Amino acid sequence: MDLKIYLFAFLVGGAICFICQLILDLTKIPLGHLLTGLTILGGILGGLGLYDPLIKIAGGGATMPIISFGNSLAKGAIAEAERTGVIGVLTGMFELTSTGITAAIIFSFLIALVTKPKG
Amino acid sequence: MGKKSGQQTFQFANPPMIISTGTVAGPFEGRGPLASEMDVILGDLHNGKTTFEQAERSMLCQACRLALDQASRSTSEVDLFLAGDLLNQIITSSFTALSLGIPYLGLYGACSTAAEGLALGSMLLDGGFCSTVLVATSSHNATAERQYRYPTEYGGQRRPYQQWTVTGAGAALLGYTGQGPRITAATIGKVVDLGCKDPLNLGAAMAPAAADTLYRHFQDTGWNPDSFDLILTGDLGEIGLKLCREELAEKGVHLGENFYDCGLLIYDREKQDVHAGASGCAAMGLVAFGKLYRQLQKGELSRVLLVATGALHSPTSYMQGENIPCIGHAVRIEA
């Protein structure tokens with residue numbers, strides 16, 4: 001296995017975080033807007049087929065940031081639309097991301113059972 | 001009449017005294033430089049309660065009881081309870097009023113509540129409507145931050161100019177028996193809006209309100225900044241205090257070293273990572289009813305002007321893109 005992927009994961013993931021930190025520090029864009037903005041950006045890049053090449057080069061450095069979530073939403077919708085037609089956009093949207101979403105809900109529930117989720 | 005002087009200031013013919021005070025501070029505040037001035041310091045943010053809201057309520061109630069105990073008064077000897085806090089529908093104050101059983105008027109002035117309560121209480125006393133009034137206010141980091149900013153477990157990154165909501169409660173008993181510093185004048189502020197929309201930068205939003213009320217107080221009374229040992233704003237923080245100073249300098253009022261902010265006194269800003277300082281009703285509540293009250297009693301300070309400012313927005317109003325209107329009330333206390 002090529003060790004270069006570790007280097008690129010570090011550089012690409014770091015660069016994404018660095019840009020976002022600059023946006024937070026230098027603009028008044030709220031956290032929520034940055035989060036959704038990145039997801040939409042990921043959707044656009046995914047739709048244009050530009051994000052997967054980045055994942056191939058940088059691995060986790062590209063899949064961990066939220067942009068990857070937007071990419072997965074777009075890819076799932078496109079793949080299902082190709083298989084089943086227009087309605088596939090709706091049914092396929094969460095196909096690739098359902099693991100993450102379901103895991104978030106189930107683990108939140110389990111953690112809430114043993115902690116004081118009052119924040 | 002004859003008690004109003006100038007446009008917005010009321011001078012008390014028979015100035016009421018602050019007979020006693022009570023302060024309860026959160027654990028984080030208990031590690032700050034004013035720890036020794038607090039009556040009670042909580043071990044944790046829950047204070048043995050199920051929710052943070054109940055914890056805040058228990059703090060406010062305890063602060064009120066401390067003030068009553070110190071003056072050896074029972075709740076039935078108090079004519080009115082004036083209180084306010086930051087939570088929706090001021091639930092902390094109203095639930096506390098329920099457990100105290102004192103006739104109650106709820107106040108909402110956001111972080112200006114301490115001064116609003118002192119001003120209003122003094123008017124009621126000087127007007128002869130009451131003989132003893134209990135004034136109180138509280139804020140809690142975990143309840144206020146999630147209502148106005150982000151859910152606490154979300155862990156949103158804090159901006160460098162952001163302030164830290166104080167966990168604490170302060171109460172003061174006003175009346176004419178016993179001994180204590182006297183409230184001699186109050187300037188009621190106008191709502192000011194210079195177009196600030198950022199709910200994370202409240203110091204900057206509130207600075208013009210503090211400047212406006214201070215300017216008005218000096219104009220109405222003929223006193224000047226040098227007349228006071230200390231002029232203390234509520235929770236402008238580092239940025240707001242600087243802006244307020246600049247704004248008054250533009251109007252020809254130059255504030256010296258005696259001008260400072262409660263929000264800069266509560267935490268050790270080198271060691272406690274609170275960015276621009278403290279905010280919340282309890283910033284002035286803890287400082288004014290704790291250290292400041294004792295310094296006035298001991299004669300270390302003889303003339304103090306408190307200017308508490310409040311941001312009067314709601315989470316709904318700023319999410320709909322409205323500006324953040326602010327207010328400042330000033331209270332003059334003399335030993």
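This is a predicted model: local features need pLDDT of at least 70, side-chain atom pairs count only at pLDDT 80 or more; totals for chains, interfaces and linings use all residues.
## Overall form of chain B

Chain B contains 8 helices and 15 strands. Along the principal axes, its C-alpha atoms occupy a box of roughly 50 × 50 × 35 Å. A compact globule of 335 residues would have a radius of gyration near 20 Å, and the value of 18 Å for chain B agrees with this.

Of the 335 residues in chain B, 56% are classed as buried. Contacts in chain B that link residues at least 6 apart in sequence are, in 79% of cases, between residues at least 24 apart.

B:Thr137 belongs to strand β7 of chain B, which covers residues 132–139. Is this residue, B:Thr137, buried or exposed? B:Thr137 is buried, because 40 other C-beta atoms lie within 10 Å, and a residue counts as buried at 20 or more.

Leaving aside residues up to four places away in sequence, B:Thr137 touches B:Ala83, B:Gly84, B:Asp85, B:Thr113, B:Ala114, B:Gly117, B:Gly170, B:Cys281, B:Ala282 and B:Gly285. As for another threonine of the chain, B:Thr221 is 84 residues from B:Thr137 in sequence, and the two are 27 Å apart in space, C-alpha to C-alpha.

## The contact between the chains

How many residues does each chain bring to the contact? Chain A supplies 5 residues and chain B supplies 11 residues. On the side of chain A that touches chain B, the residues comprise 2 nonpolar, 1 polar and 2 charged.

Definitions and conventions: Residues are numbered from 1 along each chain as its sequence is written. Chains are lettered from A and ligands numbered from 1 in the order in which they are written. Two residues are in contact if their C-beta atoms, placed from the backbone, lie within 7 Å. Ala, Val, Leu, Ile, Met, Phe, Trp, Tyr, Cys and Pro count as nonpolar, Asp, Glu, Lys and Arg as charged, and the others, Gly among them, as polar. Helices (H or I, at least four residues) and strands (E, at least two) are DSSP runs, numbered from the N terminus. A residue is buried if 20 or more other C-beta atoms lie within 10 Å of its own, exposed if 12 or fewer, and partly exposed in between; C-beta atoms are placed from the backbone. The radius of gyration is taken over C-alpha atoms; the globule rule is 2.2 Å times the number of residues to the power 0.38.
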